[in-house]
Amino acid sequence: MKPVTSMTIVKSSLFRRPLRSIGLSAVVALLCAAIFGGLILSSSMNRGLDTLEKRLGADVMVVRYGYESKAQGAILRGEPTTFYLDPGALDAISQVEGVAAASPQIYVATLSAGCCSYPLQLIGIDPDTDFTVTPWITGQIKGALADGEIVVGSKISADVGSELQFFKRVYKVVGRLENTGMGFDTSIFMNITTAKQAAHDAARVSSQELQDNDDLISAVLVDVADGYDVKEVANNILRAHAAEYHLDTVVSDNMFNEVSSSIRNFTSYIRFFEIMIAVLTVLILLIVFSVTINSRRAEFSMYRVIGATKGRIFSLILLESFVISIIGAVIGIVVMSEIIFPFSNAISQSIGVPFLMPSVATILSAVAVSILAAVICGPGASALCAAKFTSKEVYSTMREVM
Amino acid sequence: MLLELDHVTKEYIRGGKKFFALNDVCFGIDKGDFYTIIGRSGSGKTTLLTVAAGLAAPDSGDVVFKGKKYSELSDRELSAIRGNGIGFIPQGLGTVPDLTVIDNVRLPSFIYPEKADDTRALAILEKTGIADLAQSYPNELSGGELKRVLIARALFSQPEILIADEPTADLDRLTTEEIMKLFSELRRDGTAVLLVTHEMDTIAYGDKVFTCESGRLTEGKQ
C-alpha cells in the first residue's frame, strides 16, 4: 500500500471534489491571466517603442507640406503612401545651421504584390548618405544594396533568394529584417536608384505624371549636430525653406512622445486593471478559502485529535492551496498565451501603437512573476484562514461541528 | 499514574450564565485500568474526556500524563502525546471524507511516519469487523461502520490509553459486545481504557464506574 502522505491527502481532496478544485483553480487562473497578459502587453509596447526610436535614427524628417501624418502612418503603422518632395530641398536643408547630415528617401506604395494581398511600402535609401536604415540593414546583407535588390520587412512572406514583382518589374530578395513592431515590418527597402525606377513604374501604372529626372525624393532625414536643439533646427529649416519648397517637419521626439504617451496611458490602464483583478481575486480567494476551510473544520479538527500540530495543519492547508494555485497559474498563463500571441497583430492595430513580442527571457520573467503572484495570493489567503482556524482550541472547533 | 486530573475546573457560558462543565475534578487512571463514566447529557462527561485528551485546556487545575503537565507543554509536545499516548474516539463522526477506510485508519502514520504498518492496519480492520470495507469511502458507510473506523484508527496508534466518548452509541447489541470485548482485550495488554457511555450493559466490562453530575465526578453509580 502507498504510504499516507500530505500529497496523498491533497490529491484525494482535489480529485474527490472536482467542482471545488476547478472553481478555486479558475479564480487563481483569472488572477494569473490578468497579470501575465498585462506584463506581456506592456513590455511588448515598451519594446516596440524602444525599437522605434532605435530604428528611425533621425532627429527630423522633412516632408512635403500636408504629408506629415502620412509619413508618420508609414513609419509607425506601415500604412503605404506615396509622396514626393521638391528635390532641391535636399541641398537647401543640408546648408541649414545645426544639420549634421541629411539623407533622402523615397516612399512608394505598391498596389499589390505576389507575396501579399495588401499594398506595401517601398522605401528607397541612398547608401552613400543614409544614416538611418543602412546600419541595421548591413547586418542582413553583404555589401550595399545593388540595383534591383530588396530587403524585406519581417512580416512579408518572401524568402531570401526569392523574387517579388511590383509594377511588372521583378526584384530579388537579398535580406530579411528582424521584427520591429512598426511599419518597417511591412516595408521593402531598396537603393534610391531602384526606388526611383519603382516610382516611375508606379506613376506609369496609375497614369500620373512624374518629373523625369534623377533627383526624385520623398523625404529628407536629418541628423542634428551635437549641441543644437532638434526643435530649433526643425524651425530653422521651416523658416528658411518652407515657403520655397513647401516643407513640413516631423520631429522624431514629438512622434515618439505621442506614441509613448499612448503607451503610458495604455499601460496605466493595464496596471489599474491588474491591481483591480488582483485585489478582487485576493478577496474572492479569502472568501472561498474561508468557506472551504470552514466546511472542513471537522476534518482538520480530527487531524489535531490524532496528534497533528498546528504547524502540520497549517502546512497541509498551504500545500493544498499551493497545488491549486500552481494548476490555476498554468491554466491562466496558457489561456492568456493563446489569446495574446496569435492575435498580437490585431491587438497592435486595435490599440494603435507599435507592438513587438518580448524576448523569451521577458516572457519567462512574466511567467515567473504570474506564478509567484498566484502562489502568494492563493496560499496567502488560505494561510489567513488557517491561522484563524488553528488559533482556536480543538474542542471548541469540534463542538461547533459535532 | 498514567493520566491524572488534579482539581480540574472548566467553565462555559450558556445563555449568558456561567456554568461548571468540570468542577474541581480529581481523577486518575493507570495502565490496564478500565474505567467507565456515566451521567446525564450536559453533565460534563465529554468535556472531561477532551480535557483529559489535551483537546481543551482547563481553567484551573492540572492534567498530567506520565508526569508531564499539559499546561507546561508546547503544542508539539502535547500533540505528540495525543498522537502516541492517547487514542481518542470522538462522539461525532470524524473521518476524512476523501480518503478510503484503510487510509483513514492509517492516517496517524501521515503525522508520525514511524507508525506506518499496513499489516497492523489490516489486522485492526479484521478485528473491528470492517475489513471488507477497506477500499470504501466514509460516505458509503453506515453510522455504526463509521464508528468502527474511528475505533480502528484510535487502535492503530497503539495508544497507552484509549479515551472513548460513547463508542457504542450507534452500534447494535452484537457489535457493541464485540467492541467491548475488544476494549477488554486491550486492557489485558496493558492499555488503559476510559469510556463514557449511556449504556448500562457496557459498565460491566470496566473495573470502576464514575458518575458525572454538574461537572463533579464521583466514584460509583449514582
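1. The crossing of helix H1 and helix H10 of chain A is right-handed, a word used when the near helix is turned clockwise from the far one by less than a right angle. H1 covers residues 6–16 and H10 covers residues 310–340 of chain A; helices here are DSSP runs (H or I, at least four residues), numbered from the N terminus.

2. This is a predicted model, in which local features need pLDDT of at least 70 and side-chain atom pairs count only at pLDDT 80 or more, while totals for chains, interfaces and linings use all residues. Residues are numbered from 1 along each chain, chains are lettered from A, and side-chain values use heavy atoms, without hydrogens and water.

3. How do the axes of H1(A) and H10(A) cross? They come within 10 Å and cross at roughly 50°, which makes H1(A) oblique to H10(A). Oblique is what remains once angles under 35 degrees (roughly parallel), over 145 (roughly antiparallel) and 65 to 115 (roughly perpendicular) are set aside.

4. Contact means heavy atoms within 4.5 Å. Among the residues that meet are A:Ile9, A:Val10 and A:Leu14 in H1(A), with A:Leu316, A:Glu320 and A:Val323 among those in H10(A). The contact residues comprise 8 nonpolar, 2 polar and 2 charged.

5. Now to the two chains. Their contact takes 31 residues from chain A and 37 from chain B. Together they bury about 3000 Å², 61% of it on carbon and sulfur atoms; buried area is the accessible area (1.4 Å probe) lost on being put together, summed over both parts. B:Leu55, B:Asp98 and B:Phe110 supply 25% of the area that chain B buries against chain A, more than any other three residues.

Definitions and conventions
Axes are lines fitted to C-alpha atoms, for helices over the stretch in contact, and angles run from 0 to 180 degrees between N-to-C directions. Helices (H or I, at least four residues) and strands (E, at least two) are DSSP runs, numbered from the N terminus. Ala, Val, Leu, Ile, Met, Phe, Trp, Tyr, Cys and Pro count as nonpolar, Asp, Glu, Lys and Arg as charged, and the others, Gly among them, as polar. Buried area is the accessible area (1.4 Å probe) that two parts lose on being put together, summed over both.
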